[in-house]
Amino acid sequence: MVAPATYFVVYSSAFKHIQMKRIFLFLTGLMLTTTTWASHVIGGNFQVNQTAPNTFQVELRVYRDCINGSPAATITPSGATPVRVYDKVTNLQVMTFDMTNPTITPVTLGDECYTPTGICVEEYYFITTVVLANNPNGYYFAWDICCRNMIIDNLNQPDIQGSTFYIALPDPAISGGNSTPDFGPYPSDGYFCVDAVKLIDPNVTDADGDSLVYSLVEPYTDNTGSMPWTTVNWLAPYNLGNICGGTPVMSINSQTGIITVAPNALGTYVFAVRVEEYRNGVKIGETIRDVQYSALNCVFDDLPSIYLPDTVDIQVLSSGCFDIVVQDPDVTDTVSIILSSNTFGDGAVLTLPEPYQFSPDTLYYFNYTDSTTGLPDSILLPAPQFIAGSWVAQGAVGLRYCWPTQCEDLLVPGFELDVQAYSLGCSGDTNSIHRIVNINVIPPSGIEEIVPNVFSPNGDNVNDFFKIEGTPNPCWDALTVQIYNRWGQLVYESSEVEFKWDGTNKNGKELPEGTYYVILTGVFGDKDVTSQYPLTLFREKK
């Protein structure tokens, strides 16, 4: 911890009265084993769970830098700097409480694609229980600590700017009670990558299923009183609209909370995420996580290649199979793919071709078109494993997609196969590749040909049946045939498009030679058929 005299040497006289106050608090804190001046704190947030009508479990997560600032100092929101509770409308302080005996956990950053170096983060997790009276105005909690790291690049004199952690919650008497949104622990991807677009998911959950709205907000500096509070002093050109530079500038999706960021310079940057909580369209609370991330020169694994065309045509009433091949340039990498499609609920399946080799290992041939040469190619691969919703194999993944389409599929447009491929353990668009394949169901095309008016059902396999020549459309055709003898008696009738009459009556008895009369009504080969004509039956000997 920095000695009090240091503050008078480093800072201008304009801050002396502030420093005197903080030095007094610092000395008081020593007597109470409490740290209120801790330049190793790099973020934190509250989370509150209602466990009984007026009883609340309060969690506070505080993150510390194990390397920079004052890593030997301790963090204890008690004594001279307890957690303060205010009426949300009047801003009157209603109580304070201490939080002690934290659980301290080191944070592991990175994944199999990239492990950052030079960063050390510890999580201090405090938990306690408080009792709050019913209050239609609701409450908010606050705890402040000074100061931030000197290494921060987007704040002006960060080592004299602190942090205030804040959460607002509704009346304890709210119907069904309430637990506030939960950011959870410090994320493993808690860093930025210079000149690389990175998507960061805050992974906020809400136990009550309330609607959540996300935004980036001005972080608070240390504030000992009630709201309104002082926000941080940005260092130009940084501000809320340009938190860490780069293109695109940092932004957040208000519905999903996904942060998009791509800083263009190495550094350490402070930002704050607010989550507002709505129930039945009414805002009931909010919580803010204040945190600093470092922008690093991340070195990622090479992206795999997805060998699939943009569009695949499948003939209706066919098996509709094609191969999916995903290959990594590094054959030692573990490749994982996630497949989704609106055809899977309509009978489409993922399978394997017939095995090409059984010993010493079972291998399969998968066919694809090389995206570089445009030429057909094939690859011999083992069957992938299905692990936690994804297909996994070393070096490359091969699967066969098959969809036995039905006529009804012609009526529903917009079928797709979505393929997300990455090296196992990698996450985010900087480390993965994505492909959407459009699937078109092709309708059949029928052909009507001339119907013969002579046939000889004598068993010589030549013109033994009376039928319509041509190719029907199995999805749309519908036909009725009636055949009468010369006395007007119905001797044969069928509603099958591909009917075949062998010259027998309804009882299977052979009918005599002679002239019969045919009536055809309906659709065959996509064409309307309405015909009446004579038909001659011969029984020539074989």
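This is a predicted model: local features need pLDDT of at least 70, side-chain atom pairs count only at pLDDT 80 or more; totals for chains, interfaces and linings use all residues.
**Entry 1**

I looked up the strand order first. Five strands make an open sheet, in the order β29-β34-β33-β31-β32, and the pairing is mixed. At the edges I found β29 (454–455) and β32 (490–494), each of which pairs on one side only. I noted for reference that strands of a sheet pair through backbone hydrogen bonds, either parallel or antiparallel.

**Entry 2: the two pairings of β33**

I then followed β33, which covers residues 514–524. With β31 (residues 478–484), β33 pairs in the antiparallel sense over seven bridges. With β34 (residues 527–537), β33 is joined by eleven bridges, and these two strands also run antiparallel.

Next I checked single positions. Which residue of β34 is the bridge partner of Y517? I found P534 there. Y517 of β33 also stands opposite Y484. I looked at the turn as well: the hairpin of β33 and β34 has two residues between the strands, and G525 takes a positive phi near 60°.

**Entry 3: T521**

T521 lies in strand β33, and its bridge partner is T480. I also checked L479: its C-alpha atom is 5.8 Å from that of T521, although the two residues are 42 apart along the chain.

Is T521 buried, partly exposed or exposed? Its relative accessible area is 43%. Buried would need under 20% and exposed over 50%, so T521 counts as partly exposed.

**Entry 4: aromatic residues**

I searched the whole structure for aromatic pairs and got 28. One aromatic cluster consists of F455, F466, Y492, F499, W501 and Y516.

I also looked for charges over rings. K500 lies over the face of F465, at 4.6 Å from the ring centre. Elsewhere, the charged end of K198 sits over the ring of Y191, 3.4 Å from the centre of that ring.

**Entry 5: D87**

My last item was D87, which is found in strand β3 (residues 83–87). Where is the nearest side chain of opposite charge to D87? That side chain belongs to K88 and is 8.8 Å away. A salt bridge requires a nitrogen-to-oxygen distance within 4 Å, and D87 has no salt bridge, yet is buried. I did find a polar contact for D87: its side chain meets the side chain of N137 at 3.1 Å.

Methods
Residues are numbered from 1 along each chain as its sequence is written. Side-chain values use heavy atoms; hydrogens and water are left out. Two strands pair if DSSP finds at least two bridges between them. Helices (H or I, at least four residues) and strands (E, at least two) are DSSP runs, numbered from the N terminus. Rings of Phe, Tyr and Trp (its six-membered ring) pair if their centres lie within 6.5 Å; planes under 30 degrees apart count as stacked, over 60 as edge-to-face and the rest as tilted. A charge sits over a ring if NZ of Lys or CZ of Arg is within 6 Å of the ring centre and within 35 degrees of the ring normal. Buried means under 20% relative accessible area, exposed over 50%, partly exposed in between (1.4 Å probe, protein chains only). Lys and Arg count as positive and Asp and Glu as negative; His and the chain ends are not counted. A polar contact is a pair of N or O atoms within 3.5 Å; within protein, one must be able to donate a hydrogen and the other to accept it, and residues adjacent in sequence count only if both atoms are side-chain atoms.
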